[in-house]
Amino acid sequence: MKKVIVGFAAFLGFMVICTLISKSVYAYRLPIVSVCRPESKYIEHKVEAQGIVAAGGEKTVTYLPGLRIDSVLVQVGEKVEEGDALFQIDLEDLKELMEEKQSEISKLSLQINATLENQAIEEQKKELELARAREDYDTTSRLQDTQVGRAMESYVQAENDLEESGGGEELKDALQSAAYGEADAKAARDEAVKQAQRRVEDLLLPEEITTELETARLEQALLSEKLQEYQKVLDNQGVVRAPFSGVVTKVAVGAGDRIPDTAVLLLSDESLPCQLKILLDKEQKKYISLGDQVLIRLEGKNKELEEKIDYLAESEGNPEKYEAFITLPEGTGIPGLSGTISRSESGEKYSLCLPAAAVHSENNRNYVYVLKEREGILGQEYYVDEINVRVTDKNDNWVAIEEGAVDKESRIILSATKEIKKGEAVRWEDE
């Protein structure tokens, strides 16, 4: 009997040891979690965004169209002073252009000389024709006056014959015929003289105006002016210099290109202050408005500036973004350099706030893992429950949730040594 009792006691001891070992192994394999409880906090919002300094205004730099660029000596963002070299003209190409212009000028000179000589010949011809027409007029007038005089003499003779004879039908007819002859002679004289006079008048009319000579002279003057401009470029060894100081904001040509009629490059207008251009996303836009004061830190500058937002609107190039412009103090900033803005807003106070790491999101759903207790195989144990929550506000560190699903006494799982899921048993590191 004693042996049975001893054996039974040994069996119970063995079972206790096995139970303890099993419980220890079971607990050892469980994920260890840390928890936090919701607390009251102000959700502060801090916006930081980067941007680029842009010129407040730009001036165009133009040059002689058609010249070929050999090399560009500046790049966007570079600061240049008045007189600094901007680009180099291809001198060999320039010389070819000058030869072409000279050839065109020579052709126009020949054309102008030929036109002048032809005009001189035409003038001589006209003078000769005018002299001959005047001579013809005088001759015609003299001859016609003679014919009229003879007709008048015939009429007078017929009239005398009729008076001496005392009448007669034939003499009356002769007188009438002589009268007609005199009238016809006068009419013929008047017509011949009129035609000779008109011939003289026609030759005295001015010549028709033609633009051929003036056009050629104008083209020649323009070509000569262009040739002089090319000569100046050649005298300067093809180096084109900045007409004023500024920062290069755009270069419109490259090596091998010919200079266009438009701007070769753009320089910032130093008479106008620079602007900092910032691109904001929709979330950042919630906390920045037109006229808000922001802190600015420019590249290479240690001192922060405090300026206001001068312009804020949806970006034309990217509808998902917003563009903000901030006018910088005069003499501050260089176009092309970067800058950063920051702005903090204390926000509202919420009664239930959790660290951002405690709130999870999936498929537009927000949820938290809550630590709860239950009776398990080996006794009282902790397990994971998953509860959906509604986020009312958040920043990078804290999330405010709506009351109801959890309260201030809820133990929200903040971290775990292993991946956890709903209903799974866990160990609490604070137990």
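Modeller: Start with Arg-365 and Glu-386, which form a salt bridge (a side-chain nitrogen of Lys or Arg within 4 Å of a carboxyl oxygen of Asp or Glu). Their closest N and O atoms are 3.1 Å apart. The pair links distant parts of the chain: Arg-365 sits in strand E19 (residues 365-376) and Glu-386 in strand E20 (residues 379-389), 21 residues apart. Strands (E, at least two residues) and helices (H or I, at least four) are DSSP runs, numbered from the N terminus.

A word on the source. This is a predicted model, where local features need pLDDT of at least 70 and side-chain atom pairs count only at pLDDT 80 or more, while totals for chains, interfaces and linings use all residues. Numbering starts from 1 along each chain as its sequence is written, and side-chain values use heavy atoms, with hydrogens and water left out.

The cut-offs are under 20% for buried, over 50% for exposed, and partly exposed in between (1.4 Å probe, protein chains only).

E19 and E20 are tied by another pair: Lys-372 lies in E19 and Asp-385 in E20, so parts 13 residues apart in sequence are held together. In the salt bridge of Lys-372 with Asp-385, the closest N and O atoms are 2.9 Å apart. Lys-372 counts as partly exposed because its relative accessibility is 31%. Asp-385 has a relative accessible area of 14%, so it is buried. Elsewhere, Arg-68, Asp-93 and Arg-258 belong to one network, joined by salt bridges that share partners. The structure holds 25 salt bridges.

Stay on E20 for Tyr-383. Its relative accessibility is 18%, so Tyr-383 counts as buried. Which residues does Tyr-383 touch, leaving out those up to four places away in sequence? One run is Val-370, Leu-371, Lys-372, Glu-373 and Arg-374; the other is Gly-423, Glu-424, Ala-425 and Val-426. Contact here means heavy atoms within 4.5 Å. Tyr-322 is another matter: 61 residues separate it from Tyr-383 along the chain, and their C-alpha atoms are 46 Å apart.

Asn-364 sits in the loop between strand E18 (360-362) and E19. Its phi is near 60 degrees, a positive value in a residue other than glycine. Most residues other than glycine have a negative phi. Asn-364 is exposed because its relative accessible area is 86%.

Gln-237 also has a positive phi, near 60 degrees, and is not a glycine. Its loop runs between helix H4 (212-235) and strand E8 (239-241). Gln-237 is touched by Leu-91, which also contacts Leu-234 and Gly-238, not counting residues up to four places away in sequence. Leu-91 belongs to helix H2. It is partly exposed, as its relative accessible area is 22%. Leu-91 and Gly-238 are 147 residues apart in sequence, yet 6.3 Å apart in space, C-alpha to C-alpha.

Two loop residues are worth a look. Ser-410 lies between strand E22 (398-401) and strand E23 (412-416). Its relative accessible area is 13%, so Ser-410 is buried. Beyond its neighbours within four places in sequence, Ser-410 meets Cys-36, Arg-37 and Pro-38. Thr-332 lies in the loop between strand E15 (321-327) and strand E16 (338-345). It is buried, with a relative accessible area of 19%. Apart from neighbours within four places in sequence, Thr-332 is in contact with Cys-274, Leu-298 and Leu-305.

Last, back to charge pairs. Lys-46 forms a salt bridge with Glu-48, with the closest N and O atoms 3.6 Å apart. Lys-46 has a relative accessible area of 54%, so it is exposed.
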